[in-house]
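This report describes selected local features of one protein model. The sequence and the structure come first, followed by the notes.

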Amino acid sequence: MSINCEILDLRAFQAVVELESFHRAAEALHISQPALTRRIQKLEQAIGAPLLERTTRHVAPTAMGQEVMPLVRRMLEEFDGSLFAMRDGALRRGLITMACVPTAAFYFLPTVIKTFSEQYPHIRLRIRDLTANEGLQAVARGEVEFGINLMGNSDPDLSFEPLIDDPFVLAMRKDHPLAKHDTIHWNQLEPYPLVVVDRSSGNRTLLDGALARHNLKLNWFYEVTHLNTSLGLVEAGLGISVLPRLATPQEDHPYLVSRPIVDPVVSRTIGIVQRRSSALSPAAEKFVAMLLKTWKTP
């Protein structure tokens, strides 16, 4: 034989006894008073005896209620304790799977991973460095918990939390004629062989769209699939390339330099993509919070 009651029925009874009021208990539990009354009645039916007695000024447990209250309190403490233990265990051991555009993976992740691994040394991280489109698909299909990606997604099932704006810059050799300028205008690129990534890239789509709004177009000579390949061609002296700043060497490079391009300045926004319908695991939640704290632009 089993007694049919729910955790919320027990919480309702405990709240009324401790707060000595149906009104205050309903507010504390964020439910209506009729809903609270139904839960108490359901528990009384399961036990087979009244648990509370009410007067116009006072609510108090009956003799049976006084007998049941210590048991209810212990059951709730054990239940809550077990859930917290499971949550803590998930933070001590586990696996976080994320998707990340390659340039952001290099820039955003190492600092955060180092700090996170010091705090949670037994949590493993699986990083899928994917193109922007592939990364969005991986998040949407639930193959990863979240992604670090470009803004521009129009999928209503995905949310986007911005981290930083990443402007496009011109990458070239230090001995290139344009390297003497502090800033570059788009029309200055025309005389030189230009290396671009192909149209399957989210970066290319974003850049072409922004320039088209200003009646500008890139006249490319070399088209490649990966940003790293374009840097290789630039380093070999075969041309110049328009790249996101994060894709260029972040420290002094023996051969390459980058310069901002203006009129217009074109930027991509990088942020965290999640499914609206799914909650992150406790470990992923902690990692995302650390990522936002470390990199989010004020």
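In which loop does T62 lie? The model is predicted, and in it T62 is found in the loop between β2 (59-61) and α4 (63-92). T62 has a relative accessible area of 14%; this is under 20%, so T62 counts as buried. Apart from neighbours within four places in sequence, T62 is in contact with P50, L51, L52 and E53.

**Strand β8**

In a regular strand, side chains alternate between the two faces of the sheet. Strand β8 (residues 194-197) is covered on both faces: L194 and V196 are buried on one side, V195 and V197 on the other. Two bridges pair β8 with strand β10 (residues 240-244) in the parallel sense, and V195 has S241 as its bridge partner in β10. Strand β9 (residues 222-224) also runs parallel to β8, joined to it by three bridges; V197 has V224 as its bridge partner in β9. From β8 the chain passes through helix α7 (residues 202-212) to β9, a right-handed β-α-β crossover.

**Aromatic rings**

| Pair | Centre to centre | Angle between planes | Class |
|---|---|---|---|
| F116 and Y120 | 4.9 Å | 45° | tilted |
| F221 and Y222 | 4.9 Å | 75° | edge-to-face |

F116 and Y120 are both buried, and together with F146 and F287 they form one aromatic cluster. F221, by contrast, is exposed, at 55% relative accessible area, while Y222 is partly exposed, at 25%. Elsewhere, R54 lies over the face of F22, 4.0 Å from the ring centre.

Notes. Residues numbered from 1 in each chain as written. Predicted model: local features only at pLDDT ≥ 70, side-chain atom pairs only at ≥ 80, totals over all residues. Heavy atoms only, no water. Helix = DSSP H or I, 4+ residues; strand = E, 2+ residues; numbered from the N terminus. Buried < 20%, exposed > 50% of the residue type's maximum accessible area, 1.4 Å probe, protein only. Contact = heavy atoms within 4.5 Å. Pairing = 2+ DSSP bridges. Right-handed = clockwise from strand over helix to strand, strands pointing away. Phe/Tyr/Trp six-rings, centres within 6.5 Å; stacked < 30°, edge-to-face > 60°. Lys NZ or Arg CZ within 6 Å of the ring centre and 35° of its normal.
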